[in-house]
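Student: I should like to learn how to read some features of a protein model. May we begin once it is in view?

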Amino acid sequence: MARRLPEGPAHVAPVQRIRLEYAKRGRLRFCSHRDFARAFERSLRRAEIPMSYSAGFHPHPKISYVGAAPTGVGSEAEYLEIALARRCEPEAIRAALDAVLPEGLDILRAVDVEDCPPGSLAEHMQASVWQLELAADPAVTAAAVARLLASESVLVERLTKDGVRSLDARAPIVSAEVSPEPGNDTRAILKLVVRQVTPTVRPDDVLTALRAVAGFAPSQPPKATRLAQGPVDDAGLVTDPLCTTELPVARAAIEH
Amino acid sequence: MSVTTSGDSLFDRLEPLLTQVSKPIQYVGGELNARTKDWDSARVRWALMYPDAYEVGLPNQGVQILYEVLNERADALAERTYAVWPDLEKLLRENGLPQFTVDGHRPIGAFDVFGISFSTELGYTNMLTALDLAGIPLHAADRDDSHPIVLAGGHAAFNPEPIADFVDAAVLGDGEQIVGAITDVIAAFKAEGSPGGRDELLTRLAETGGVYVPRFYDVEYFPAGDEGGAAAGQLASVRPNRDRVPARISKHTVMDLDAWPYPKTPLVPLAESVHERMSVEIFRGCTRGCRFCQAGMITRPVRERSIEGIGAMVEAGLNATGFEEVGLLSLSSADHSEIGPLAKQLADRYADSRVSLSLPSTRVDAFNIDLANEFSRNGRRSGLTFAPEGGSERLRRVINKMVSHQDLINTVTAAYSQGWRQVKLYFMCGLPTETDEDVLEIATMAQDVIRAGRQATGSRDIKATVSIGGFVPKPHTPFQWAAQAAPEVIDDRLRKLRAAINSEKSLGRNIGMRYHDGQPSLIEGLLSRGDRRVGAVIEQVWRDGARFDGWSEHFSYARWIAAAETALTPVGVSIDFFTTRERFADEVLPWDHLDSGLDKQWLWDDWQDALTGYEQDDCRWTPCFDCGVCPTMGTDIQIGPTGKTLLPLVSTGTPKAPWAVSTSVEP
């Protein structure tokens, strides 16, 4: 049989890597990670980003994703890394991609890997700051959260594609604060700092744990958003994964 | 369920439900190139539905074209809706929320027209779910001036009689122009203050001659049982019941496809869909004359898009979408008069990009391999598909799809020796006059394909897949009179075929066989050639829980059979009456008053020719054989060659990408 070799554009080794920070907002919080990845790869083509591709009959652009927020959860702090075949100005890449992505998938920052702290992107993703908007009385919420924090471990079950998994939803929680929703004190806002563990403890696992320890049951499914993601310092603060200077992310989140 | 008539967005109320359903992205809209116009800016508002799941419905070209054509009009807006999965249906009912559009999340009940595009009859139950969720009465007769006009289109609308109770109107044929004409009628009617209400509006639509309003036609039947004699239970007549409507309703034909380059900006979903590519329709219609093919019969004549028009659409569409693959669509794409130059020039143009081109390949000849090679210059040569359709040469003469055994072997030999790894062969089972022997020849063919492939390549690692569908006789085809094969007959033949394929183990293990059982085909047959009495079956089965009948995991044959018995027994007919019964020459067919342009006598003669195995040529290359379409519809074949080439790409002056001016290019 005639053995054919790919005859397409020559394989070009990456000359630059860029880390991107992006947000998943509004109705696009319902897109899954696979949905995002497809949209992002199309946007690379539409924006004519000079990507570095893998070799072979079906070359793929070189993209590294890290721990994406679950489907239905918004985020102000998602990260990925792309490899380029030509050197580019990171800000030009950011603006070009942001212009072709649908509103709600917004590219917030682009930083050359050489300007980032050493280590892989995944290594920096040590903890996340989650915000949960709850249809529940703030005092009731605070009491439930206090009971959860007082527990040493709370096992919850989650249905995954591999079956039911059991995980400890308490241990990775670094901190949890409850406040009334601004302008509506019948609703609560829960802000969580959760350490990255395997398997990942997600906001819905924490809610399951709150139900288990305190019978906590908001009248509607909560609206959850990841506010920040990155290294966590000794004080339990999540810091900027793209920046070498120690910048507490709490500030970055407010700026968003 | 309450009727909602305001066009306000329901998104705030839907949002909490979306966290509880699978793949919520399919309900939020916001696709690339989607449009949401200001509600108050439009005089006529259309909700367009593809009655299947979003992942199937979004890529549908018909809906995308009409969505764009309507939204380009200043006085109109169009939004899309798709069938909601049972998990969301349940939540919508529990929360008192209606069927909604994915664009503006507006209730369907607030629109002027609810247009539903039926590619297949198996979407009928999903239409009932949508109507019910929307708070629109299921029966057209129960609707009032506050309800949208429920309008059916698509290929299945060439016999809308089974859904005549549920739709207010149906249109036949190409939609691009008729949606504009309907918009004009509605706009004028509303501007006059809606005199005479719903009845008058429907009458105005009907008197255009191009919109079928079932309620304006009375249907009579011969008595069922002994009293009806040989014609027992058959249609006796279909007659208009008012002055202002025509006796027959004509299909619509868009001439000059270059003037209708839609979709210009194809929708790009965030969610995964069944076709992750951009499609450009390179011609419409087909005169190959395959007798089983409804699409080929009802879309005549052939109208080609020019090579320049295709080149412009491909380029604009790629820029607007970022898709990596372009499909050149039509009923038989290799038949475009300039497909050779087109393939070469497109492959040249996109040689340096990662854009790939595809062509649904159905013709069995060497030319097709050349085309496929052109389209796969840089890509993997995985599979080629051919559709002989009938197992034996005798049967292929009956269906007028003449491919000799030797043609096929020569073609696959060429394919394998040029690096293609796998060949897929499509067939139908249950064709008129078919015997067990005809079907068993599929095994011989597949085994010869493997032998030829091994010989051509010197490798034993050759694969072929045989894919078989049950044949469903369709209206407006020469086989509209044929008896449909019973599911047991089809299942039995496929069992024998499988045994024959495996009889030679050394060959059989390289042959895959894919087929569906015969049961869904029988139901499709009931819905395809049914009359108005079948409406009661659809309503019954829907009330019994039928949804998503095109999905094997949702389809229940037993439920359909039970519903058919309940609904048809009282009127003295049965499912067999509509499916396995051969029709009489002089029988009134339920769609006789719907004019596809095809002359009924010509169809009958072609049916008789089929039975004697007489082949009919293609009128693109031989003289007109009087099928009737062109003189009836005032149309003509539009084909090249034009001798032109792809237009050069026009530079926009300023580079789009900011780094295009960068000088720091590195190896």
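Tutor: Helices (H or I, at least four residues) and strands (E, at least two) are DSSP runs, numbered from the N terminus. This is a predicted model, in which local features need pLDDT of at least 70 and side-chain atom pairs count only at pLDDT 80 or more, while totals for chains, interfaces and linings use all residues. Residues are numbered from 1 along each chain as its sequence is written, and chains are lettered from A and ligands numbered from 1 in the order in which they are written.

Student: Where is Pro301(B) found?

Tutor: Pro301(B) sits in the loop of chain B between α8 (294-298) and β11 (303-304).

Student: Which helix of chain B has end C-alpha atoms 23 Å apart?

Tutor: The expected span of a helix is 1.5 Å times one less than its number of residues. For α15 (residues 487-502) of chain B, 16 residues should span 22 Å, and the 23 Å between its end C-alpha atoms agrees.

Student: Which residues of α15(B) are buried?

Tutor: A residue is buried if 20 or more other C-beta atoms lie within 10 Å of its own, exposed if 12 or fewer, and partly exposed in between, with C-beta atoms placed from the backbone. An α-helix has 3.6 residues a turn, so residues three or four places apart point the same way. In α15(B), the buried residues are Pro487(B), Ile490(B), Arg493(B), Leu494(B), Leu497(B) and Ile501(B). Viewed down the axis, these buried residues fall within an arc of 130° (taken from the directions from the helix axis to the C-beta atoms), so they line one face of α15(B). The face turned away from the buried side carries the exposed residues Glu488(B), Arg495(B) and Ala499(B).

Student: Which residues have the most contacts inside the largest nonpolar core?

Tutor: In soluble globular proteins, nonpolar side chains tend to be buried together. A nonpolar core is a set of buried Ala, Val, Leu, Ile, Met, Phe, Trp, Tyr and Cys residues joined through C-beta atoms within 7 Å. The largest core here has 217 residues, and Leu151(B), Val167(B), Ala169(B) and Ala446(B) have the most contacts inside it. Helix α14(B) gives this core its largest share, eight residues. Apart from this core lies another, of 36 residues, including Val193(A) and Phe216(A).
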